[in-house]
Amino acid sequence: MTDAHTDFEPRITAFVCNWCTYTGADLAGTSRLHMASNVRIIRLPCTGRIDPLFIIKAFERGADGVIVSGCHPADCHYTSGNYHARRRFAVFHDIMEFVGVDPRRMTFSWVSASEGAKWKDVVNEAVANVRELGPYEAYRALAPDAVEPWPQATDDLAAAGATTTAGEEVAT
Amino acid sequence: MTEQATAPVYAGVDDLRRIARELLEAGDVRVVIGYEDARRGARPVFVSDPAETDKLIFDTRCVHNLVTYLNPRRDHVAELGKIGLVVKGCDVKAVAGLLREAQLSRDDVVLIGVRCGGVLEENELPAALALTPENVAPRCYGCDNREPTLTDHLVGEPQPEPPRPVMTIDERVAALDDQPLEERWAFWTDQFSKCVRCYACRQVCPLCICEQCIVEKTQPQWIEASAHPRGNFSWNITRAVHLAGRCVDCGECERFCPVGIPLSLLNRKLQHIMRDRYDYTVSDDPENAAPIGDYRLDDQQEFIK
């Protein structure tokens with residue numbers, strides 16, 4: 001199975017909180033850590049702001065995998081947003097598995113502002129998992145003609161222009 | 001078709017009519033919502049004249065969860081004045097749900113509880129049948145609220161336990177759980193693809209209380225409105241998740257579904273998740289807070305890296 005997808009580049013949407021994981025990802029960048037470049041980050045105020053519908057929407061719009069990440073327990077900028085999110089995503093994780101969505105396509109993590117290296121590992125692991133699973137054709141088959149393709153390679157990104165980023169397209 | 005035995009007349013029906021009449025005569029309530037016998041079986045009825053309380057019945061055909069009339073979306077019902085409502089054990093849990101979420105004041109309603117021994121799956125029958133494993137509503141098996149405590153009145157004698165259906169909902173959920181991921185996906189996407197997006201599941205639900213449903217939001221449009229498999233998947237998952245820890249398993253969504261999507265399996269799975277993760281079972285105690293909207297510092301997080 002792995003061989004079949006060697007030239008497949010997973011498209012992964014990451015929903016991260018502003019205070020911890022976004023800053024952690026920033027640190028990973030400023031620390032010049034090498035990691036897979038398949039992830040498009042969408043910054044939100046808090047994991048408590050991340051509705052499970054965001055994940056569904058990402059799959060609808062052609063994501064092969066999703067990452068949700070925020071502050072560690074007890075570190076939430078808003079005291080308890082991540083605790084509420086933890087319950088919500090536990091339920092969502094289980095019910096998605098029940099209806100046949102491979103949980104390896106959904107990565108949940110806690111990454112603090114100082115954990116640039118952990119963010120790198122989370123990204124690399126999520127990309128490796130999704131690469132092994134292959135493109136999410138099963139979800140795309142729900143609406144075969146409707147999926148709007150993401151800009152795939154750097155050439156496409158450049159062609160799409162500076163004002164339209166992949167992240168914004170997914171967020172609409 | 002083999003002849004099926006009819007159920008014995010419900011012993012509490014005289015008390016039910018008397019209580020309804022007294023409530024209306026005393027002006028304690030303006031309307032009693034209960035069940036009546038009609039051409040196509042039992043159906044909900046609004047009784048505001050004390051002389052008409054003899055219409056009221058209760059038998060195994062009374063499957064409807066009348067608490068849906070207390071849903072704040074139905075403010076035209078609330079405008080009628082104070083309501084007397086006939087409720088079974090499962091229905092009372094929905095009342096507790098509305099109280100728990102501050103969608104109802106306990107003083108707005110007089111609850112006339114009926115001791116229920118289970119209802120039929122198919123209610124459009126000229127006579128009430130005795131329950132058998134073949135005809136019982138599967139959700140009735142294992143009912144844990146046969147002596148409701150939240151009611152103002154409780155009529156009828158203690159009823160026998162509902163029979164075990166040929167296949168219980170738990171067994172059907174377990175059978176799905178045992179299937180490989182791909183087959184579950186095939187099963188559910190096939191079921192959801194039947195959806196015509198009539199939203200009957202939402203309309204009938206006593207606990208779908210949003211004034212504006214997420215599915216009706218168009219800017220941005222979170223859930224595609226047309227009836228195609230992708231939007232249907234989003235809708236059905238979202239509906240189920242929004243009921244997580246709130247669903248009282250009255251089975252009305254599945255009964256009302258015109259295309260027969262087995263929503264009770266999804267709802268039951270969510271109940272299992274709530275039980276396994278948060279040791280929570282929905283009850284008719286309004287103080288029994290639902291797990292979503294609450295948290296503990298030591299909640300499970302084995303799925304989080």
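Predicted model: local features only at pLDDT ≥ 70, side-chain atom pairs only at ≥ 80, totals over all residues.
**Chain A in outline**

The secondary structure of chain A consists of 7 helices and 4 strands. Read from the N terminus, its elements follow the order β-α-β-α-β-α-β-α-α-α-α. Chain A has 172 residues, and 53% of them count as buried. Contacts in chain A between residues at least 6 apart in sequence can also be sorted by separation: 83% of them join residues at least 24 apart.

**The sheet of chain A**

The 4 strands of chain A form an open sheet, in the order β2-β1-β3-β4, with parallel pairing. Which strands stand at the edges of this sheet? They are β2 (39-44) and β4 (106-110) of chain A; each has a single partner strand, so one side of each is left without a neighbour in the sheet. On average, and with direction ignored, neighbouring strands of the sheet are turned by 20 degrees against each other.

Strands of a sheet pair through backbone hydrogen bonds, and the pairing may be parallel or antiparallel. In chain A, strand β1 (residues 12-17) runs parallel to strand β3 (residues 65-70), and 5 bridges join the two. Within this pair, A:F15 stands opposite A:V68 of β3(A). Two helices of chain A pack on the sheet. Helix α3 (residues 81-98) touches β3 and β4 of chain A, and its direction makes about 160 degrees with that of β4(A). Helix α4 (residues 116-133) touches β1, β2, β3 and β4 of chain A, and its direction makes about 160 degrees with that of β3(A).

Strand β3(A) also pairs with β4(A), again in the parallel sense and over 5 bridges. Here the bridge partner of A:I67 is A:T107 in β4(A).

How many of the residues of β3(A) are buried? The count is 6 of 6, and the strand is mostly covered. In a regular strand the side chains alternate between the two faces of the sheet. In β3(A), one side holds A:G65, A:I67 and A:S69, the other holds A:V66, A:V68 and A:G70, and both faces are covered.

**Two aspartates of chain A**

A:D102 lies in the loop between α3 and β4 of chain A. Is A:D102 buried or exposed? Its relative accessibility is 13%, and a residue is called buried under 20%, so A:D102 counts as buried. The side chain of A:D102 makes a polar contact of 2.9 Å with the side chain of A:R104. Leaving aside residues up to four places away in sequence, A:D102 touches A:L133, A:Y136 and B:L181.

A:D145 is found in another loop, between α5 (137-140) and α6 (154-160) of chain A. With a relative accessibility of 78%, where exposed means over 50%, A:D145 counts as exposed. From A:D145 to A:P52 the separation is 93 residues in sequence and 24 Å in space, C-alpha to C-alpha.

**A hairpin in chain B**

Strand β1 (residues 31-38) and strand β2 (residues 41-47) of chain B pair in the antiparallel sense, over 7 bridges. A hairpin through 2 residues joins β1(B) to β2(B). In this pair, B:A38 stands opposite B:G41 of β2(B).

**Helices packed between the chains**

Two packed helices are described by the angle between their axes and the distance between the axes. The table gives these values for two pairs.

| Helix of chain A | Helix of chain B | Angle | Axis distance |
|---|---|---|---|
| α2(A), residues 52-60 | α7(B), residues 229-242 | about 170 degrees | 11 Å |

For the second pair, angles over 145 degrees count as roughly antiparallel. α2(A) and α7(B) are therefore roughly antiparallel to each other. The crossing of α2(A) and α7(B) is right-handed. In this contact, A:L53, A:I56 and A:E60 of α2(A) meet B:R230, B:S234, B:I237 and B:T238 of α7(B).

Note on methods. Residues numbered from 1 in each chain as written. Chains lettered and ligands numbered in written order. Heavy atoms only, no water. Pairing = 2+ DSSP bridges. Axes fitted to C-alpha atoms, helices over the stretch in contact; angles between N-to-C directions. Contact = heavy atoms within 4.5 Å. Buried < 20%, exposed > 50% of the residue type's maximum accessible area, 1.4 Å probe, protein only. Polar contact = N/O pair within 3.5 Å; in protein donor to acceptor, adjacent residues only side chain to side chain. Parallel < 35°, antiparallel > 145°, perpendicular 65-115°, else oblique. Left-handed = near helix turned anticlockwise from the far one by under 90°.
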